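Please review the structure below before reading the notes on it. The briefing covers charges, strands and backbone.

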Amino acid sequence: MGIINNNNIKINREIEKVNGKELNYSEFVERYMDKNKPVVLTGLMDHHWRACTDWVTPDGKPNLQFFFNHFGSSKVQVADCDTRDFTDQKREEMLVSDFLERCLEVEGSAVQCSNENGECNGDSVSVPYLKDWHFVKEYPEYVAYITPTFFCDDWLNLYLDNFRMNTHSGSDQQNKEICCSDYRFVYMGVKGSWTPLHADVFRSYSWSANVCGKKRWFFLDPSQCHLVFDRNAKSCVYNIFDEVSDSKFPGFEKAIWLECTQEAREIIFVPSGWYHQVYNLEDTISINHNWFNAYNLSWVWNLLLSDYNEAKEYIEDIKDICDDFEGLCQRNLAANTGAVPCIMKFSYAVVAT
């Protein structure tokens, strides 16, 4: 497939799609993990996944009534896809039951996706997107799915399983509690919901399984990621389908993107450092894990070390008057990168060995 122009971006080719049942673990590592190459995997979400039956109606739609009846009292983070908040979308905490009510409001409004990119038009009803729901930690007895073998070598979540979930972010963190105690998430979005351009936390791997619905992904190879940053390498493009300023982002037009459409019951492997933007083309529920292991630990360590040095340099002038300068550096790192201190220590311990 040659390079084509699509809404002012250049698309080279589609992400490879393969039957996961025809791969063994060694082949997956050699072809994708070791090469840091994305792939869409089919055939891995068997009917024994409870999520594929409980969470989906007979016609393949999200079973909102099931979530309302069984999980309606859970508190979750919901993004307003129409409102930008710095580099992300504006979020608010609400009950799952309230989120489901908003989904029904959108379905009853004129908001709809109007083109192949999932971009929407409509009236005043904002598009909600439930993100980063720590479902596994909150409902450990409810086994919604089984992690595919390809993704089980997960040092991040295996380490964090030693910690209990803390739902009070302002409380004293005793008894080994931390606020963000795993990186296993459930996402739920109506048609037209989307996620801005980003690379995953810690430059980890991620895998994303569509329980139902359809997504469209746009990927940028790490070798080209500098093209979506400004001249100072600080600010990243928010939406690749916006009118991107040539003067602020002089390299953007040179970027060559990869794309794919992810159908229901397909899993996408997102390697380290690949920037991506994602649209829900239908009402969608997905299961997402961030994770790292020996194959991408260097990505994680290099990011944390770079961000740590930047945080340290930024406050170097108060070092002599600060009682706990190192602690302050660690807190700034956590605020800027989302890295809880134990992840930094864990990464250092592994690298040191």
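The notes that follow are grouped by topic.

This is a predicted model, in which local features need pLDDT of at least 70 and side-chain atom pairs count only at pLDDT 80 or more, while totals for chains, interfaces and linings use all residues. Residues are numbered from 1 along each chain as its sequence is written, and side-chain values use heavy atoms, with hydrogens and water left out.

Accessible areas come from the Shrake-Rupley method with a 1.4 Å probe, and for residues only the protein chains shown count as cover. Buried means under 20% relative accessible area, exposed means over 50%, and partly exposed lies in between. Helices (H or I, at least four residues) and strands (E, at least two) are DSSP runs, numbered from the N terminus.

**Salt bridges**

- A salt bridge is a side-chain nitrogen of Lys or Arg within 4 Å of a carboxyl oxygen of Asp or Glu, and the count by this rule is 14.
- Side chains of opposite charge can pair when their charged atoms come close.
- Arg-91 and Asp-88 form a salt bridge whose closest N and O atoms are 3.4 Å apart. Arg-91 is partly exposed at 29% relative accessibility, and Asp-88 is partly exposed at 25%.
- Glu-310 and Lys-234 meet through their side chains in a salt bridge of 3.3 Å, N to O. This pair links distant parts of the chain, 76 residues apart: Glu-310 is in helix α7, and Lys-234 is in the loop between β15 (215–220) and β16 (256–262). Glu-310 is partly exposed, with a relative accessible area of 43%, whereas Lys-234 is exposed, with 58%.
- Asp-324 has a salt bridge to Arg-331, with the closest N and O atoms 4.0 Å apart. Relative accessibility is 41% for Asp-324, which is partly exposed, and 48% for Arg-331, also partly exposed.

**Surface charge**

- Glu-313, Glu-316, Asp-317 and Asp-320 gather in a patch of negative charge on the surface.
- Patches are made of residues with over 30% relative accessible area and no salt bridge; like charges are joined within 9 Å, and nonpolar side chains (Val, Leu, Ile, Met, Phe, Trp, Tyr) within 5 Å.
- Lys and Arg count as positive and Asp and Glu as negative, while His and the chain ends are not counted. The place of a charge is taken as NZ of Lys, CZ of Arg, CG of Asp or CD of Glu.
- Asp-320, one of the patch residues, lies in the loop between α7 (297–314) and α8 (325–337). Asp-320 is exposed, at 78% relative accessible area.

**Strand pairing**

- Strand β13 (residues 194–198) is mostly covered, with four of its five residues buried.
- Strand β18 (residues 275–280) pairs with β13 in the antiparallel sense over three bridges; two strands pair if DSSP finds at least two bridges between them.
- Within this pairing, Thr-195 stands opposite Val-278 in β18.

- Asn-36 is not a glycine, yet has a positive phi of about 55°. Asn-36 lies in the loop between α1 (25–33) and β4 (39–42) and counts as buried at 12% relative accessibility.
- Ala-233, likewise not a glycine, has a positive phi of about 60°. Ala-233 lies in the loop between β15 and β16 and counts as exposed at 53% relative accessibility.

How values were computed. Buried means under 20% relative accessible area, exposed over 50%, partly exposed in between (1.4 Å probe, protein chains only).
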